[in-house]
Amino acid sequence: MIINHPLLGPRDSQEFTYLGDASLIDRPDWQAENAVDQFHDYLYLRDNPAGSHRELWFHETGDRSWLVVTRDTTTHEITAVELARDVARARGRSK
Amino acid sequence: MSQINRLNGGQIDTSRSLTFRFDGTRYQGHPGDTLASALMANGVRLMGRSFKYHRPRGVLTSGSEEPNALVELRSGARQEPNTRATTAELFDGLEARSQNRFPSLKFDAMAINDRFSNFLTAGFYYKTFMWPAAFWEKLYEPIIRKAAGLGSLSLQDDPDEYDKGFLHCDLLIVGAGPSGLAAALTAGRSGARVILADEDFAFGGRLNSETFSLGEDAAAEWVARTLAELNALPNVRCMIRTTVIGAFDHGICGAVERVSDHLPVPAPGKPRQILWRIYAKRTLLCAGAIERPIAFENNDRPGIMLAGAMRAYVNRWAATPAQKVAVFTNNDDGHRTAVDLIAKGVNVAAVIDPRPDAPRVADCELLAGAQVTDTSGRLGLKFIEVQLADGSERTIECGALGVSGGWNPNVHMTCHQRGRPVWDAGIAAFVPGDDGPAGLTVAGAADGAFSTHAALTTGASQAAASLEQLGIAAKPVDLPAAEDTPVNLKPFWYVKGGKGRAWLDQQNDVTVKDVKLAHQENFRSVEHLKRYTTLGMATDQGKTSNMGGLAIMAELAGKSIPEVGTTIFRPPYTPVAMGALGGRSRGKHFHPVRETPSHKWATEQGAVFVETGNWLRAQWFPKPGETEWRQSVDREVRAVRGSVGVCDVTTLGKIDVQGTDAAQFLNKVYANAFAKLAVGKTRYGLMLREDGIAMDDGTTARLAEDHFVMTTTTANAVGVYRHLEFVHQCLCPDMDVQLISTTEAWAQYAVAGPNSRKLLQKIVDPEFDISNEGFEFMACREITVCGGLRARLFRISFSGELAYEIAVPTRYGDALIRRLMTAGAEFDVVAYGTEALGVMRIEKGHAAGNELNGTTTALNLGMGRMVSKKKDAIGSTLSEREGLNRDDALALVGFKPQDSSAKVTAGGHLMELGTPVDASHNQGYVTSACYSPILNSSIGIGFLKDGANRMGETLRLVSPLTGSEVQVDVVSAHFVDPKGDRLRA
Amino acid sequence: MRYSGLRVIKEALTGHKGWKAAWRDPEPQPSYDYVIIGGGGHGLATAYYLAKQFGKKRIAVIEKGWIGGGNVGRNTTIIRSNYLLDGNEPFYEFSLKLWEGLEQDLNYNAMVSQRGILNLIHSDPQRDAFVRRGNAMILNGADAELLSADQIRAEYPFLNFNDARFPIKGGLAQRRGGTVRHDAVAWGYARGADSHGVDIIQNCEVTGFRIEDGVCKGVETSRGFIGAGKVAACVAGSSGRLMAKAGMRLPIESHVLQAFVSEGLKPVLPGVITYGAGHFYCSQSDKGGLVFGGDLDGYNSYAQRGNLPVVEDVCESGMSLIPAMGRARLLRMWGGIMDMSMDGSPIIDRTHIEGLYFNGGWCYGGFKATPASGFVYAHLLATDTPHDTATAYRFDRFRRGYMIDEKGMGAQPNLH
């Protein structure tokens, strides 16, 4: 596969390490009332779609960016690649 | 021996002769021959035996789809089983043997299976061999295994080398027949980067095997002229002997170039084959078509082959399978074989065509409305039985029969991403669907455009269309006029009414009867049919057999062929040598070797090295007279605990953490508190995964307010760094923190033992106070050594002794260890390896990889209270779950055998005295064990249920696997200096 | 009809006219007591044991394609019970024992071949871990044997003992492990289930669940509604897709695992070998093909195909272990979709929807588990209590903190 890195252009997927669903960005609030339940859902449950999937790839042998790649799990077609940092900020993550 | 079936002409160089052997017999052929064509020219028809019935077989095809003529090529370590004689290029001295026969090809004892074929029908083995149960492995299966298989591996290491490479292009053209060449010409002239690949050793594809003219010229002249132009274009790469094996995601294709297979041995420095990863923006499949046979009784005898193959042997290789032949065809193309053979002077006895209105094309007898019903000739065809249009029978003597049931577009690569071909009733064949790999289009016969004219024009137009998508304008090229004969065919799959066997899959011996039986037993879907009968599962993957099986199943099921469906072709297009896929990553080169800066020094000391991941680490340093590893390790341990030792710990992961939020960041990734760590201090850190399980541990030093240096275990260096970047970029993107792995930037050594300070004081520059008061336990500082060399000093201890770790820039590592050893001579300093390191950490009760096994919690490690509840650290929330906080949770404790001469076995399990030894009574297990030269006893550490409250209890340590059982006392894991006085001294 | 050598001979002499369909193709009934979704090995085994062992009637297996077309037909056919953890080992040992009597029970030769499995050891920590595992196996009633490098060399002289990057230092063998003809398992269970009255309905895709007041009443299918007393999902590889129709999110990701077979060769490998320093395991089928595999491609996928990097990785490992393989040819590669669970272990449990049951999350351990999975799932369906060997395979183990993590990789499915 080829991942079109937003900063570096097309790179072979062998340069990357895969983590999983980009929802791992949405880490719950540790002080919430039902924090354990929220963390359970966050860490263990997946939509696991057959179709468009937003997922985290790490450019391990490259520039060490975490990327959010939108890829179809039935065809492997990639339709978007974003820096995870930008996605995280857009979802309200800060410090 | 004379080449009795050699004709005139062809693309062989008769000015030179090549000598080769088949089953020990010497023959001669010429450059340009394949093994099959040369054998054929020498009058050899029998080349192999079938898989199941061991039927005598000759060639069926003239290409890589050959199911029958498989041989063992070469000898010794280069022996290569299952090589298609039809693609093996002849070279002088070639040696080949027939396979899957005993004792000889002509007399094969296993052919007895053929006599019992009525018992050995599809799937018979599922119905028997069940009693008694133990007989399967002992009796039935060994016999079956020995009889099965095809050729043999030598079992010697493959002596050849293989390479891998990357190529990039705008357009990859797969196949260099008329459509591929027209495409290459179109794309090449446009300036696009083009790769043209063909599996054959001559470009031209089917043009090499036909007698067509292109325009005014013979086809060969046009091919040569076109190639000359393509070879002169710098943007075009023509790759011969290169099979494109598969279409993978995003336009990446795999290809195997057979660099040296046509030579006796590879030239010096040259690989046997190269695996190319071709990154193509567009791919054009010009793979042509594959002819399909017709099934009739005993249609598998040597001499019976596809009509197109027969034509290829005669035209390209000037070899005829026999002096007298016949042709059996349901389509006009088959008649060409008769025409071409007659033109070459071969006697064509008759053309048999089941179509009543078959055209008269060749100057020989035409039997229209007739069909071949049976054949005879045990080791080679002698007679065919023909049922004429009026129902009468006729026997025709012939040594070969060309058969054509039509042609199947070679859609293979269009299915590699699970695309489904679609049925084209006009040619009674499957053509590529529109769901093939993205960026891949098809031209020529592979797309069902069978005439040469159509191949040329679609090749050119598809190439132009592909380039247009890339914004490259391609001008139309001038293509020669070529034959444009329409396909004229009446589907005819098998001859009905016979009682004998009619073969579909010749290699796996699947007959029409087997398909009928599969239908009768409800194995009716394509997948069931294939798996139950093994149809299409042979080395040719059904290229010549699948269609016949499908057609018969369709007929039996009362469905159309497309309703029955088609199996999906998978990569590789043709089988690929494992060596090519392995490349140079074998032997010592399987993985890269990482050596520390003092590796050379350690080698000079005679160190024994051990692989830890890709690193090589000194395991121990044997001294003269030490004959056993334990002697060296015991000496090293005693020397460290008695005076001082030096150990290379460079392999530990080192991560620089800088930024105004660095402390806050560490507080997030470590379970224990880090925010308030003072500058100049080091702290042990336990890192949890989000699920509350220990991920890694190590020490982190604060060199400045905004600068920390983290160490990780050797094994987890990469994973921890990745995790930290995840936490930073994905969870806390606005934290001001920068991370960089500095594992390779620093050489680091542990200096341990009561004299370690004295030793270091000799090299640390005098302005730095490293006295116990000036540089206390867990202190850290940036210093200089040896008169100005910058270094980092950490007062940390893995051994439990007074100890330091000192780091210098990598390039000074070698010099530093030499200086330490010289300076330490007065203290009898020793170099110690990972074994002594391991012994001392077990004596001290420090957890390492064996304890941090991915299932242990902070609580298990005795660090439950370290997990701060006052902050949001990774893993802290899910640490609260019930299962991670059981009352009887495993706890890390020490074990000492009651009999000091007994051995504690790592991996042994703990049982209470007097209970049965089984899983339900398991109390825990020993993770690490060693002989302690300090305690003069074998000791171990491990996990015990509720271990913290069981000190002093006696347990049985059982290891039924190694046949040992000892009684051990539960003790503190801190065998040596439990209060830590030494490391604070 | 009963299969036997005598029957084969009789049929051969009478033109094979007497062989009956191995299973019927009935039209679906309006309702059943039990509807099992998924005609793979596990689903068919569940139906078989539910009917035969637990005496249940009115059972249907519904399959969206053809039976045996999923992972039971695309694995590397290995059976073994060399697990470490208490939550797993008794279950897999139970499965191995069922394999040992399977053919006689089913009257179908699935070629259960106990030619042994060998896990190679390349380092001291690996040996410690394998000793612990071997002991756990023996303590759970399985067999295990620790072999020295010399013993391995005697059995497999062609492994790389000369210039290995990671030398072989020993191995953990399970002699009762081996291989089974994978397709025959599906067919044998199908035939057995059919003979006990189970309706096997092919080409019948579930399009939804009918759930009323928290109770599952049946399934909507491409062939109409089928009512059910109990609905049992058994579609590992597609679990996420199916259970989403019931509104459930699972602790499972779908990943592609590739497998490979070489051209047929005369016997080379007697048993199964697993490399301990690279991603590679290999056995040789009765037909002579070397059957091998390695690691997952590593990314979520439902595509049933993989990519070149893993192909190369597996073959590099193979070449480094067996340098003589260089001149054998890889014939075919394919991909299966694995239900990769969050701790690498399966789930066999009730769901929060009454009447809806779940069996999945098999990672790449599913094939060897087929008999036990069917048996314990049938037990759960029939009795509403888990079988003794499968009490740990609960949904709530993640919430409660009782993961069964053999590899110790945590909640990252592609590492299990």
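## Exercises on a predicted model

B:H250 sits in the loop of chain B that runs between β13 (242-247) and β14 (252-257). The model is predicted.

**Exercise 1.** Determine whether B:H250 is buried or exposed, and describe its phi.

*Solution.* Start with the neighbour count. B:H250 has 21 C-beta neighbours inside 10 Å. The cut-off for buried is 20 or more. B:H250 therefore counts as buried. Now take the backbone. The phi of B:H250 is positive, about 60°, although the residue is not a glycine. Most residues other than glycine have a negative phi.

**Exercise 2.** Classify the packing of α6(B) against α7(B).

*Solution.* Take the geometry. Helix α6 (residues 307-315) and helix α7 (residues 332-343), both of chain B, have axes that come within 8 Å and cross at roughly 25°. Angles under 35 degrees count as roughly parallel, so α6(B) and α7(B) are roughly parallel to each other. The crossing of α6(B) past α7(B) is left-handed. Next, list the contact. α6(B) contributes B:A307, B:M310, B:R311, B:V314 and B:N315, while α7(B) contributes B:G334, B:R336, B:T337, B:D340 and B:L341. Finally, sort by class: the contact of α6(B) with α7(B) has 4 nonpolar, 3 polar and 3 charged residues.

**Exercise 3.** Locate the cis peptide bonds that join B:F102 to B:P103 and B:P571 to B:P572.

*Solution.* Check omega. For B:F102 and B:P103 omega is about 0°. For B:P571 and B:P572 omega is about -5°. Then place each proline. B:P103 lies in the loop between β7 (94-98) and α2 (112-115) of chain B. B:P572 lies in the loop between α12 (561-564) and β31 (576-577) of chain B.

**Exercise 4.** Which residues of helix α9 of chain B are buried, and what covers them?

*Solution.* Identify the residues. In α9 (residues 512-520) of chain B, the buried residues include B:V512, B:K513, B:D514, B:V515, B:L517 and B:A518. Then find the cover. It includes β29 (503-505), β30 (510-511), α10 (526-533) and α11 (546-557) of chain B. Last, look past the helix. B:N522 follows α9(B) and has a positive phi, near 75°.

Technical notes:
Residues are numbered from 1 along each chain as its sequence is written. Chains are lettered from A and ligands numbered from 1 in the order in which they are written. This is a predicted model: local features need pLDDT of at least 70, side-chain atom pairs count only at pLDDT 80 or more; totals for chains, interfaces and linings use all residues. Axes are lines fitted to C-alpha atoms, for helices over the stretch in contact, and angles run from 0 to 180 degrees between N-to-C directions. Helices (H or I, at least four residues) and strands (E, at least two) are DSSP runs, numbered from the N terminus. Angles under 35 degrees count as roughly parallel, over 145 as roughly antiparallel, 65 to 115 as roughly perpendicular and the rest as oblique. A crossing is left-handed if the near helix is turned anticlockwise from the far one by less than a right angle, and right-handed if clockwise. Two residues are in contact if their C-beta atoms, placed from the backbone, lie within 7 Å. Ala, Val, Leu, Ile, Met, Phe, Trp, Tyr, Cys and Pro count as nonpolar, Asp, Glu, Lys and Arg as charged, and the others, Gly among them, as polar. A residue is buried if 20 or more other C-beta atoms lie within 10 Å of its own, exposed if 12 or fewer, and partly exposed in between; C-beta atoms are placed from the backbone.
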